[in-house]
Amino acid sequence: MVYQFQKYEPSQLKRGHLRLGGSNPQGGRIDVTNLYLERDGKPWINVMGEFHFSRYPREKWYDELCKMKAGGITTVASYLFWIHHEEIEGEFDFSGNRDIRAFVELVDKAGMDMVLRVGPWAHGECRNGGFPDWLIQKDFALRENDPEYLVLVHIWLEKIYEQVKGLFYRDGGNIIAVQLENELTDNAEHLLQLKKMAQEIGYDVPLYTVTGWNSSYGAKIPVDEVMPVFSAYADAPWVEHTEKLPLSEHYVFEKKRNDAAVGADLIKVVDEDGWRLPYEEYPFATCELGPGLEPTHHRRPIVSGMDAYALSLVKLGVGNNLIGYYMYHGGTNPIGKLSTFNESKATGYPNDYPILSYDFQAPLSEYGEVREQYRLLNLLHLFAQDFGEKLAPMEAVNGTEKVTPDDEFSLRYCMRTDGVSGFVFINHYQRLGYIADIDDVVIDTGSVKFPSISVKGDVGFYLPFGITLGKEKLEYATAQPLCICGDTVFFASVPHVEPVYKFVGQEERAASSGLDSTFTVGDLRVVTLSWDQARFARKLSGTLYVGEQCDLYEKDGQILSVADGKYRYHRWTKERFEAHEAGKPAKVDKLTVTPLAEQPIHSKYEVELHIGGERKVTWSKLYVSGPEGFVQVEYVGDVAQIYADGQLIADDYYFGRPWRIPAALLYEKECFLAVAEQRDDFYREYPERAKDAF
C-alpha cells in the first residue's frame with residue numbers, strides 16, 4: 001500500500017521578535033527563531049537531561065556527568081530546591097552535595113551546557129514544591145507579586161547568583177538558560193517580574209524559559225520575554241484513581257505541544273478567559289519528556305525502553321527541536337534537619353512519594369546504572385547531534401489519514417521536510433497497546449518513493465530522503481541515520497527491514513549490517529550497524545565506539561564501562577573498526593538475607609511502612625560479603641526500607657522490578673530490611689513489563 005502525506009505548507013521564518021538570545025566572549029551566539037534554536041548562526045537541536053545535584057553524592061557527580069555526555073546529553077538541567085539550601089530561615093547552605101558552583105563547573109568539564117531551574121517554586125516531587133516550611137507559614141501570598149514575597153525571592157535569587165557568578169554564557173561559561181518558576185499557568189505578570197528581578201541581580205543568559213503547559217490554550221506567559229517549554233509522559237502516576245489510563249496519544253503523530261495531564265494534580269483543567277498561547281511564535285521545545293516516572297503510592301507504572309524511545313521519536317517527528325528529559329538521571333532525597341524532603345499527603349500535596357528514592361526509572365538509575373532507555377534514546381541523540389542542522393528547519397507534515405491510539409492496524413507515520421528532502425518517521429509501538437504487523441509499506445513523500453518494506457514488532461524508526469552527505473546525494477535509504485565521523489556515515493539497520501540505499505547516479509544497493517558492512521560511494525563511506533550494535537554505539541571525542549553488550553563512556557581521556565568487569569569494544573579508525581579489551585574480572589559480592597521473628601530497631605520513619613493504614617511488617621537482617629558492585633533485594637510487598645546502623649538509607653515502592661542496591665551502602669554496617677504487606681490499593685502493571693527495567 002502507498003502511504004502519502006498532506007500538503008507541505010512552509011511557515012514564515014521569524015527572527016528577532018523575542019527578547020532572547022546572547023553572545024559570549026569567544027564569538028559564539030545563541031538565538032531563538034519561531035521554528036528552531038540557532039547556535040553560532042546554524043540551526044541547532046539541543047539534547048537536555050535533568051540531573052539534581054543535591055540528590056546525588058558530590059564525589060560521584062563527575063562520573064555520572066560523563067555517562068550523561070556519552071548518552072548524547074549536551075545540556076544538563078537541574079532544579080535548585082529552596083528547602084535544600086535554606087531549610088532554616090537565614091541559614092543558607094551551598095556546601096557538599098548542595099554546591100551548585102562545583103556542579104556547574106563539572107558540567108562544563110564534562111563538555112556540556114547548563115540550565116538553572118531556579119524556581120523559586122520547583123515541584124520536582126519535593127516537599128512543598130521546594131518551598132521551605134518557614135516560607136509557607138508566612139501570612140502573605142506566594143508565587144505572586146506580593147511585595148513581602150518578592151523581598152524573599154530576591155534574596156533567594158541573589159544567593160544563587162553569588163554562587164554561580166562568572167559562569168554564565170556571556171562570561172564565557174556554560175550556563176545558557178534559566179527557567180523561571182514551574183507550572184505557573186495563569187500569572188504572566190509574576191513571570192515577567194521574576195525575569196526582571198533576575199536580570200537586575202546580574203543573571204544574563206540567552207534563554208529564559210517557562211513551562212508552557214496548562215489546558216490546550218497553554219499557560220499565560222509574558223509572550224515576548226520567555227520561551228515556553230513543554231512535556232510528555234508515558235503515564236500519569238499523579239492522577240487520583242487507580243485504574244488503567246486510556247491509551248496515550250503521545251504514541252501517534254499529532255502536532256500538539258501541550259500535555260494538559262502534566263501537573264493535573266496542581267493546575268486548572270481549562271482556561272476561563274479564552275487565552276491562547278501563540279505557539280507559532282516559538283520553536284517546539286521540551287523540558288520534560290519522561291523517559292521514566294516516579295511511582296506514587298497509589299499508582300506504580302513501569303516505563304520500558306520502548307516507552308521512552310517511541311515517545312521521544314514521535315515528538316521529534318512532529319517538530320520537537322529541543323529534546324529535554326525529566327528525569328534523565330535518578331537520585332536520592334536528602335533528609336533535612338527538621339523534616340524529610342519528599343512530597344507527601346502529610347504536607348498537603350495529592351501524592352505520597354518515597355522518603356528517599358527519586359530513582360524515577362530514569363535512563364541512569366538512582367545509583368548510576370544504565371537502563372534500556374539510555375541505549376535506545378542515544379540513537380536519537382546521535383542523530384540530533386550530527387543531523388540536527390538539517391533537521392531543525394524542517395517542518396512536520398502528517399500522513400493523509402488520522403490515526404488514533406486504539407487503532408491497531410493503521411501505519412503511524414509523518415515526515416519532516418523542507419519540501420524536497422527530509423526524514424520519514426514511523427512509530428510501530430503503543431504503550432500498553434497492540435499494533436498488528438503491516439506488510440508492503442510504500443512511502444511516497446511527493447519527491448521520493450521508497451521501496452516496499454514491512455513494519456513488524458515493537459519498533460520506531462526514521463528514514464532519510466533527498467539528503468546530501470558529503471559530496472553525494474542520498475535519494476533514500478531504508479536504514480536509520482545514526483551519526484557521522486569524518487567521511488563516514490553510520491546507519492542502524494531497522495529490525496525486519498532490509499537496508500537498501502539509493503544514491504543519485506548509482507544503482508540501488510542492498511547492504512549487510514555489522515561492523516564490517518562498509519561500502520563506498522565516491523569519497524563517502526557508509527557503515528550499517530545492526531540494531532543491537534547501534535544500541536551500544538557511543539560517540540566519544542568525535543570517534544565512534546561500539547561496545548560488546550557494554551555501555552561505554554569517556555572520563556579524562558579513558559574509555560570506561562559503566563558496569564564493572566572486563567569489557568570489549570570496537571573503535572572506528574577512519575576505515576574499519578578495531579577491537580579492544582579492557583577492565584578486569586568483576587568481584588561478585590553476595591547478599592545474605594536472614595528473616596527475623598521480631599522487629600530489631602525502631603525508627604521515626606516507620607510511618608512510611610503504614611501509608612493507607614496499619615500494615616503487617618516483616619523484618620530481615622542483611623549482610624553483604626564485600627563492597628563491590630550491586631546486590632539485588634528480592635521482595636514482594638508495599639513499601640520496603642533498608643536501615644544501616646540505625647539510619648534509613650534506602651526505600652522503595654514495590655512495582656514489579658528488582659530492587660538493586662550498591663553493596664557499598666550495606667558493607668560493614670548492621671543492616672535491616674523492613675517490608676510492609678501489599679494490599680490491592682494501588683495501580684499496577686503486568687509483571688512481565690519489568691523485564692527490561694535494566
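## Basis of the description

The model is predicted, and local features need pLDDT of at least 70, side-chain atom pairs count only at pLDDT 80 or more, and totals for chains, interfaces and linings use all residues. Residues are numbered from 1 along each chain as its sequence is written, and side-chain values use heavy atoms, with hydrogens and water left out.

Helices (H or I, at least four residues) and strands (E, at least two) are DSSP runs, numbered from the N terminus.

## Helices H1 and H3

Helix H1 covers residues 61–70 and helix H3 covers residues 100–109; their axes are 9 Å apart and pack at an angle of about 40°. Axes are lines fitted to C-alpha atoms, for helices over the stretch in contact, and angles run from 0 to 180 degrees between N-to-C directions. H1 and H3 are therefore oblique to each other. In this scheme, angles under 35 degrees count as roughly parallel, over 145 as roughly antiparallel, 65 to 115 as roughly perpendicular and the rest as oblique. The crossing of H1 and H3 is right-handed; a crossing is right-handed if the near helix is turned clockwise from the far one by less than a right angle, and left-handed if anticlockwise.

On the H1 side, Trp61, Tyr62 and Leu65 meet Ala102, Phe103, Leu106, Val107 and Lys109 of H3, where contact means heavy atoms within 4.5 Å. The residues of this contact comprise seven nonpolar, no polar and one charged. Here Ala, Val, Leu, Ile, Met, Phe, Trp, Tyr, Cys and Pro count as nonpolar, Asp, Glu, Lys and Arg as charged, and the others, Gly among them, as polar.

## Helices H7 and H8

The axes of H7 (residues 305–317) and H8 (residues 372–391) come within 8 Å and cross at roughly 15°. H7 and H8 are therefore roughly parallel to each other, and their crossing is right-handed. Among the contact residues are Tyr309 and Leu313 of H7 and Leu376 and Phe383 of H8. The contact of H7 with H8 divides into eleven nonpolar, three polar and one charged.

## Aromatic rings

The structure holds 42 aromatic pairs. Rings of Phe, Tyr and Trp (its six-membered ring) pair if their centres lie within 6.5 Å; planes under 30 degrees apart count as stacked, over 60 as edge-to-face and the rest as tilted. One cluster, linked by ring pairs, consists of Phe51, Phe53, Tyr56, Trp61 and Phe103.

Lys109 lies over the face of Tyr62, at 4.4 Å from the ring centre, and Arg143 lies over the face of Trp121, at 3.9 Å from the ring centre. A charge sits over a ring if NZ of Lys or CZ of Arg is within 6 Å of the ring centre and within 35 degrees of the ring normal.

## Backbone geometry

The peptide bond from Gly119 to Pro120 is cis, with omega near 15°. Pro120 is placed in the loop between strand E8 (113–119) and helix H4 (133–136). Tyr326 and Met327 are also joined by a cis peptide bond, with omega about -10°; Met327 belongs to the loop between strands E13 (322–325) and E14 (331–332).

Asp40, a residue other than glycine, has a positive phi near 55° and lies in the loop between strands E4 (37–39) and E5 (42–44).
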